[in-house]
2 protein chains.
Amino acid sequence: MTQASFDPQAFRAALGTFTTGVTIITTRSADGAPVGITANSFNSVSLNPPLVLWSLAKTARSLPVFEEGLHWNVHVLSAAQEALSGSFAAQGTDKFAGLALDPGISSAPLLPGCTARFQCRTAFRYDGGDHVIFVGEVLAYDRSELPPLVYQAGQYAIAARKPRQEVRLGATPPPECSYTEDLLGYLLGRAHYQLLFALRQLLASHALDEPAFFILSTLSVRDRLSLDELNAIIGYTGFVVSPPQLAALEAQRFIAREQDGSVQRFVLTADGREASLRQIAHAKAVEEDLADVLGAGDVMALKLLLKRLIASTDPGLPDLWAPVNEPATMA
Amino acid sequence: MTQASFDPQAFRAALGTFTTGVTIITTRSADGAPVGITANSFNSVSLNPPLVLWSLAKTARSLPVFEEGLHWNVHVLSAAQEALSGSFAAQGTDKFAGLALDPGISSAPLLPGCTARFQCRTAFRYDGGDHVIFVGEVLAYDRSELPPLVYQAGQYAIAARKPRQEVRLGATPPPECSYTEDLLGYLLGRAHYQLLFALRQLLASHALDEPAFFILSTLSVRDRLSLDELNAIIGYTGFVVSPPQLAALEAQRFIAREQDGSVQRFVLTADGREASLRQIAHAKAVEEDLADVLGAGDVMALKLLLKRLIASTDPGLPDLWAPVNEPATMA
């Protein structure tokens, strides 16, 4: 695999396998103009004295400003600041337009909403080939609990953290056993049913089962659906909505039916809407509890991965949240 | 949030919010002894000339060796090399004992199984407070497709990557809508049912439904279960195994029953085992397809997060994979 020649793109790709956070580094020019660039070459160097470093291309238009000024701020970006990272990586735009700034210890712009910030003064400038290495003394710093933005192999990312102890659900399966707890399908099913397990008590108090929960949830997003339309949305779960089931929900006064020409359409009653809201509030509370245990960034990473999985295995489901004036395509 | 005093632990924690990969850097002393340390202070510096840097504490016992020798190798660790990271971060052990080495361009040890490797020669050594900054010219490098190990806030992690385009499943839900596709419960359910959707055709060809699939899968791991034991394992899904269901599977010749004193126990027949194996092979194929689309590291991150979610929401399920000679605790 050793590369004899150094194709810049291949070399860059190899370097890019080293994961980093994303920072924006800001300073202010002698004439008062704010300057900022996106950099992932940041790293810590020394605890005592407190030093950090980053490097800047010798061809960068901001180099003279950073060389003239002594003060600059490093912002470790949070996961929500992906767009900011993009705008400070681009050229020629007024990157600071519309941005609120926090007061800092120097004139260097201090951006809010970050995971951590380091207000620095240049301690050393070193030659680094086609880059200059800036080593700064950290004069002040702060941090928040916001999950940090991650960069790996040219893509933004969020970290899925591993606790110190290996996460094992049970005993190690015998090697000859082909059905293991490491199967993604098993893990998804078990996670789904465990979350539903928590919801099921609430459903039972409403005398509702799982398909009824799906029907109410669907109607809470999109009212006035026919039986066929409900099945087009719910069908992928394997549950088939039947007329007796709808009649039962009607008898429970959770839904009502409307005649629309030859088609019967179903709407939530006030009771149905309230029951649905309570179920959704419960689901949100479970999710918040999980974020406390797993970490906000990890829940963010989990949702991101589930969305990517869903998008790549979508059997062609209608878009439940499509605007109602543009009718959703029904399968 | 600004810290007036620099409590080393708090400062280190703030620096730790910047995510990094993990590297092992190796060299060989003049007397031929291999030396290696774990470092996350690695970063790229320059493309032309190709330069990378990392920093080493002035108190490190390996400092004299790295200062004397010119050649060292940087190994960007893969997710599977977490234990190696730990062993090279520890002191006093023979870190290289039992490790196979690849041939490199210098005498510096070259470890296999990494995401990327950079074989370097010291270009500059700079003062960095309580650390020395090593800048090396990259003489050779290689990379693999192995997902890299990540380090964030003192924990190992795996990156959940975000594609350039935002992952949206459908239209943006109206702001007043409380049931959104961003609910973790919704995403888990949809992901589960979409994967099951793919499996359901195969199940249908065996004239099996979802509960039957759960029964066969459970018996494929742990044979000779009674009805009560089956329900203790499957019950959290909301499906209750019933005697008629078991009778149906018996009539299909997928399972057989054995009398054990007063208890009837169920075992897979050869046909049942074959059907179960086919279903599991299908689930594994779906998972492999997903790894191709999402990336091996992302599937690893997803499994890690699902395991953490399952462990933290476990309603007390018996361990399906516990050794059979130690009976599993049944709920």
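Helices α4(A) and α4(B) lie oblique to each other, a word for angles that are not under 35 degrees (roughly parallel), over 145 (roughly antiparallel) or 65 to 115 (roughly perpendicular). The model is predicted. In both chain A and chain B, helix α4 spans residues 184-205. The two pack at an angle of about 140°, with their axes 9 Å apart. Axes are lines fitted to C-alpha atoms over the stretch in contact, and angles between N-to-C directions run from 0 to 180 degrees.

α4(A) passes α4(B) in a left-handed crossing: the near helix is turned anticlockwise from the far one by less than a right angle.

## Chain A as a whole

Chain A has 9 helices and 13 strands. These are DSSP runs: helices are H or I, at least four residues, and strands E, at least two. The radius of gyration, taken over C-alpha atoms, is 27 Å for chain A, well over the 20 Å from the globule rule for 331 residues, so the chain is more spread out than a compact globule. That rule is 2.2 Å times the number of residues to the power 0.38.

Of the 331 residues, 55% count as buried, meaning under 20% relative accessible area with a 1.4 Å probe, protein chains only.

## Conventions

Residues are numbered from 1 along each chain as written, and chains are lettered from A in the order written. Local features need pLDDT of at least 70, and side-chain values use heavy atoms.

Notes: This is a predicted model: local features need pLDDT of at least 70, side-chain atom pairs count only at pLDDT 80 or more; totals for chains, interfaces and linings use all residues. Buried means under 20% relative accessible area, exposed over 50%, partly exposed in between (1.4 Å probe, protein chains only).
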